[in-house]
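Let's take a friendly walk through a protein model, one piece at a time. Have a look at the picture first, and then read on.

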Amino acid sequence: MEISEVFRIIEKQLESVNAELGFRKESEDDKAITFSGEKGIYRVVYDAGTSIMAFECAYDNSENAEFNTLSRSLFDTESYNDRDAKSLANEINDELASLFKSRKKVDLEKVKMPKAVSRTKAKNGVISYDTDSLANRFGALYPDMKDRVKENIAKYGEFLPETFFIEVGSARVIDVIANGSDTECKKLFKMLNEVYEDGTNEVQDIIGVTILGEMKNDPKLMETADKYMSDYMSGPVHEINKITGKNNSLTKKLKNPPAYKPKKKKAGMLQNALNSQNTNR
């Protein structure tokens, strides 16, 4: 099935909700179909390089609108069919209804930042750093990111670390590694080393895969990171980047993780990645 046919089915399936919410088709090409209205803008974007379709939306339709990725799905031209396209359209329909029908503007001043675990307790092994601690420390290091953390919490009812770092947080880290001063890099890795070394498996996954895995084994980025990474974190990060630096089925899965299920323990992406690396040797 061609991507243009998928977009045609999506447009037809969403006619009713688009009419109800005041959206109209703004543009379409071989990469994306976009709809906009007074409530905001949304689009389905196809990345031919990864074979992934992403559903993205923003709450304003200006040229500088910031899109949030709400879902991703694999698109295989050989196996994808009408049923798959209609299923995707139905998922988008449900998302649009919940996002735009009764959306209220959130007062971010009333949203509290996640609490960090005590450094003393973490160092003494009483308790481990968790993803809330990572969010708190990240916000303390980059105060301009605090509102983005709060937006994540307001939207989902809790802090979703993978979503936050995939959408905004990892890009800041990679920018510091690529362009930051020695002082900026030292501050960044002092925090990451500490949280990683005394953190839960989940927070190690986020730091190792979702954040530092975005270096994608780039020689210059890895060289800079090696100046500041602790020995404890360096080994796993190098193994992970050997994987994320490639374009294969595993990296596609990492880019398209399963839908988040609140209050349920998730399998460790870091451990899965390393297990896969060892299996393939």
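Five strands make up an open sheet in the order E1-E2-E3-E4-E5, and their pairing is antiparallel. E1 and strand E5 (68-74) are at the edges with a single partner strand each, so one side of each has no neighbour in the sheet. On average, neighbouring strands of this sheet are turned by 15° against each other, direction ignored. Such angles are taken between axes, which are lines fitted to C-alpha atoms, and run from 0 to 180 degrees between N-to-C directions.

A few words on the basis of all this. The model is predicted, so local features need pLDDT of at least 70 and side-chain atom pairs count only at pLDDT 80 or more, while totals for chains, interfaces and linings use all residues. Residues are numbered from 1 along each chain as its sequence is written, and side-chain values use heavy atoms, with hydrogens and water left out.

How do the strands meet? Two strands pair if DSSP finds at least two bridges between them. Here are two of the pairings:

| Strands | Bridges | Direction | Hairpin link |
|---|---|---|---|
| E1 (residues 24-28) and E2 (residues 32-37) | four | antiparallel | three residues |
| E2 and E3 (residues 40-47) | six | antiparallel | two residues |

Towards E3, Ser-36 is partnered by Ile-41.

Is E2 mostly covered or mostly open? E2 is mostly covered, with six of its six residues buried. Buried means under 20% relative accessible area, using a 1.4 Å probe and protein chains only. In a regular strand, side chains alternate between the two faces of the sheet. In E2 both faces are covered: Ala-32, Thr-34 and Ser-36 are buried on one side, and Ile-33, Phe-35 and Gly-37 on the other.

Now step back to the whole protein chain. Its secondary structure comes to 13 helices and five strands; these are DSSP runs, with at least four residues for helices (H or I) and at least two for strands (E), numbered from the N terminus. Of the 281 residues, 44% are buried. The accessible surface comes to about 15,600 Å², and 45% of it belongs to carbon and sulfur atoms, with areas from the Shrake-Rupley method and a 1.4 Å probe. Among contacts (heavy atoms within 4.5 Å) between residues at least 6 apart in sequence, 59% join residues at least 24 apart.

Technical notes
Buried means under 20% relative accessible area, exposed over 50%, partly exposed in between (1.4 Å probe, protein chains only).
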